Amino acid sequence: MTLASETSPLLAPHSSLRERKKLATRRGIRRVALELIAERGFSHVTVEDIAAAADVSPRTFFNYFPSKEAVLFGADPGRAEEVRARLVHDLPGHSAVEVLRVVLTDRARQLAAELAELGEPARWAVQMKAAQADPQLRAAQASHMAWVESSFASALAERLGTDPNRDPYPMLLASTATAVLRAIMSFWAAAGGTVPLEQLADAAFQSLADGFPENGALRDLAAGAPPAGAPQAVTQDFETERTTNR
């Protein structure tokens, strides 16, 4: 995912004051980082720049994110492990393709919810689309997606009870899933965030399950998107969800 394969959705209503403060700090750091990267380009923003703009110390930054790449992609080992566990255990008796559709559509919903918390999703989509011109950012994204793909493949192999070193199917599914995610995120950003991200994810994975037919819900959704750069408001009500924080 171009912005984040891990996100920090809203905490439950009864979360502690300490948890709420941690979440507010994490969001503040991410908001500032996204603004700086969109304005200057990924390679021209340092951790020190982000920390100063967020009014925290570099040490505090590293308490929340292990790297500059992580603040952009939202990488959180706890969230990544939750996704992995869901790919292994959710929807027993259903196909691996179906569990990918359900789990990754849910992740798209969480991402949209977090972007809504950070500000107007359409603005972030447009700004981060512009930031993709940065070669260092593209390299960081490619590295992150390779890690995501490996995690998916491992989870799917465990679900299927197979050895990924002897059976290519888990990696084939994982590679296809990450390609689907890249495609829908790219389209979503190009459309200025006007098509609900979770609807794109659901339709894309259903298209995968159907063998990528030429006509279907995915292309119907895309046909309703405005031309790139057209000013549109995002009216989708994003679902909020609970998360744990480090």
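The exercises below, each with a worked solution, concern a predicted model.

**Exercise 1. Confidence**

Determine which helices have the lowest and the highest confidence, and where pLDDT stays under 50.

Solution. 
- Start with the protein as a whole: the mean pLDDT is 79, and 76% of the residues reach 70 or more.
- Next, take the helices. Confidence is lowest in helix α7 (residues 121–131), with a mean of 61. The highest value, 96, belongs to helix α2 (residues 47–53).
- Then look for stretches under 50. One of them covers residues 1–13, for which the model has 68 contacts beyond four places in sequence. Another covers residues 228–246, with 50 such contacts.

**Exercise 2. Packing of α8 and α9**

Describe how helix α8 (residues 135–160) is placed against helix α9 (residues 169–190), and state which residues meet.

Solution. 
- Two packed helices are described by the angle between their axes and the distance between the axes.
- Here the axes of α8 and α9 come within 8 Å and cross at roughly 135°.
- Angles over 145 degrees would count as roughly antiparallel; α8 and α9 are therefore oblique to each other.
- The crossing of α8 past α9 is right-handed.
- On the α8 side the contact consists of Q141, M145, V148, E149, F152, A153, L156, A157 and L160. On the α9 side, the residues are Y169, P170, M171, L173, A174, S175, A177, T178, L181 and R182.
- Sorted by class, this contact of α8 with α9 has 14 nonpolar, three polar and two charged residues.

**Exercise 3. Packing of α9 and α10**

Repeat the analysis for α9 and helix α10 (residues 197–209).

Solution. 
- The axes of α9 and α10 come within 10 Å, and they cross at roughly 140°.
- This angle makes α9 oblique to α10.
- The handedness of the α9 and α10 crossing is right-handed.
- From α9, the contact uses T176, A177, V180, L181, I184, M185, F187 and W188. From α10 come L197, L200, A201, A204, F205 and L208.
- The class count for α9 with α10 is 13 nonpolar, one polar and no charged residues.

Conventions
Residues numbered from 1 in each chain as written. Predicted model: local features only at pLDDT ≥ 70, side-chain atom pairs only at ≥ 80, totals over all residues. Heavy atoms only, no water. Axes fitted to C-alpha atoms, helices over the stretch in contact; angles between N-to-C directions. Helix = DSSP H or I, 4+ residues; strand = E, 2+ residues; numbered from the N terminus. Parallel < 35°, antiparallel > 145°, perpendicular 65-115°, else oblique. Left-handed = near helix turned anticlockwise from the far one by under 90°. Contact = heavy atoms within 4.5 Å. Nonpolar A, V, L, I, M, F, W, Y, C, P; charged D, E, K, R; others polar. pLDDT = per-residue confidence, 0-100.
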